Amino acid sequence: MSTSSKNARLNRKFDQIRRMEESGELKKKKSGNRALRKLLNNRLAIIGGVIFLLILLACIAAPLLTSYSPKAVDMKSILKAPSSAHLFGTDKIGRDVFARVLYGGRMSIAIGFGSALGCAAIGVLLGCYSAYRGGWFDSLMVRISEVFMSIPQLILVMMLVAILGQSAKNIVIIFVICGWGSCFRMARSQVLSIREEEYVQSLKVFGLNPFVICYKHILPNALSPIIVNVTLSTAMFILEEAALSFLGLGVPMEIPTWGNILNAAQDMYTLQNNWWMWLPTGIVVSLFVMSINFMGDGIRDTTDPTQQG
Amino acid sequence: MLLIITFIIYWLLDLTPGDPISYLMDPEALARLSESQVAALRAQYGLDDPFFIRYFKWLGRLLQGDFGFSSASGVPVIQIMAERLPATLELAVAALCISTILGSVLGVLGAINKGSIGDNVLTVAGMIGVSIPQFFFGVCAILIFALHLEWLPVGGRTDPEVVNFVGRIKYMIMPALVLGISMTAGVMRYARSSMLDTMNKDYIKTARSKGLPEWRVNLVHGFRVSLTPVIVLVGFRLPTLIAGSVVIETVFQWPGIGSAFNSAVRSQNYNLVMMLALLFVFMTLFASTLVDILTAALDPRVKLNG
């Protein structure tokens, strides 16, 4: 008696689910990536994403937004305050600051993103293989990365700048040399835990090439923290480039980057009287870095279940 | 570890252009020497020896406190270090205190009131704090407090007229606060998550169920335990602090090692660059060892060499 009523109830439930499935209600609810949905629910990450896209698109579309060249010297309009002709005013030799911010953004973002990608590429390649391989290779690589990480990063960067000289290409190379360590460690610790999974053991038994196991089968599972790392280190490198150029040690002065524009603020007179030369740029840099940080945090919260709270 | 780094630094020093004799000797004395005397000196310093022998000789001189000369001013490097180190330490210690105290208090407050408006505001503020370039923050502070309000001096460490410590504090407030506050955000985030971790532990529930007042649970039982990771973080933050001091010292014209390093890099004063870098590395390693010992003392679960 009781079993039949139970069965009837279960059947009713099952019918209901099937009906929903057929009418498409259930599918609609589940469509879309779960992580993506979670990311869209994170308000800060959305705000960050919007600001990020705005600044990025503005920099890419720089020639459409301003008719001035970032390098064109115009001695007739020196140190003009912001007006409709020059949105952010002009600097000491009549260059349009707005154009410089946009074109400088291209350079700064390229340097930051390029360095972060370079670090990730080297760090992941070495980290995955070294964790999978273990043994002397692993301990040697860990030692090397420790040496690099024990030297304060900015100090190492400045040392290398002193030796290699200043250029945009050198800055990226130097950033990669100094920054691959953290990505290496992250990739290594990820792979170390995945290495013990059963599917890896069975791949090994199949006799697959260790490189194939390592990069094709393990790496994709370790990717999400690495993506977060790339995002956050892009922000870090943009800040570092700005600090270096502010000190006059970054990209050569004639190439506009955010740091080079901010370099103007070192002069006390400019600082006090020509606020438009440095304040808008500083705000743009801060906003951009902040938006990347918000996005990075958002991605981490959605992909890493241990990092909530 | 230190040995490997000295080796790398010597290797880099060896790669840099210029005759090494120029930074081993007082430049003025060197200018007065004849060609053959220079050759004799080269032999005496063993500059024509193979690389490894040169390295060990250099290391030996280093251990005896002979760091060579600054090729720009002809002052022995050790003298520059002795003049500038106290200023940097002064600034670093002040900033460390500010950021640790402010960061852990705010972080703990955020964790106790998790999810409240105050907590959210603090989290967002922390994020903004991480994102603003330190020098930009410093420059804004100069503009507001030194140039507009004229409360504080623009930069430097002291006046010729001011000799006592109280007079010097005025100069220290701004750089120390800027460096400290810019580092607070990181500590705050860390203290918050550490405190949240602790608050979920069983013994906190026990303390609550005993009927202890809430502040006592938070302070005595929670805060004390969650402090250990925060102290560990101090060790990790030292590189940031040092990097920050290079930037901040330049912004405020603070006569410390950071600004000396910056101007040495600019004028390609290689020997000075390398020696100061070595000093920075030494300071970092020393401090992280100190933190290891401190952690072992605070937390019985951690053992040295365990």
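The model is predicted.

Start with the contact itself. On one side, 47 residues of chain B take part. They meet 38 residues of chain A. The size of an interface is often given as the accessible area lost when the parts come together. Here that buried area is about 3,700 Å². Carbon and sulfur atoms supply 81% of it. Within chain B, M127(B), F135(B) and F136(B) lose the most area to chain A. Together these three residues account for 16% of what the chain B side buries.

Which elements build the chain B side? Those giving two or more residues include α1 (2–15), α7 (117–131) and α8 (134–148) of chain B. Further along come α9 (165–199), α11 (214–251), α12 (257–266) and α13 (270–298) of chain B. Of these, α13(B) gives the most, with 8 residues. By type, the chain B residues that touch chain A divide into 36 nonpolar, 7 polar and 4 charged.

Among the elements of chain A, helix α6 (residues 97–133) has the highest mean, 86. Helix α2 (residues 25–30) of chain A has the lowest, 54. Where pLDDT is low, the predicted coordinates should not be read in detail.

How values were computed:
Residues are numbered from 1 along each chain as its sequence is written. Chains are lettered from A and ligands numbered from 1 in the order in which they are written. This is a predicted model: local features need pLDDT of at least 70, side-chain atom pairs count only at pLDDT 80 or more; totals for chains, interfaces and linings use all residues. Side-chain values use heavy atoms; hydrogens and water are left out. Contact means heavy atoms within 4.5 Å. Buried area is the accessible area (1.4 Å probe) that two parts lose on being put together, summed over both. Helices (H or I, at least four residues) and strands (E, at least two) are DSSP runs, numbered from the N terminus. Ala, Val, Leu, Ile, Met, Phe, Trp, Tyr, Cys and Pro count as nonpolar, Asp, Glu, Lys and Arg as charged, and the others, Gly among them, as polar. pLDDT is the predictor's confidence in each residue, from 0 to 100.
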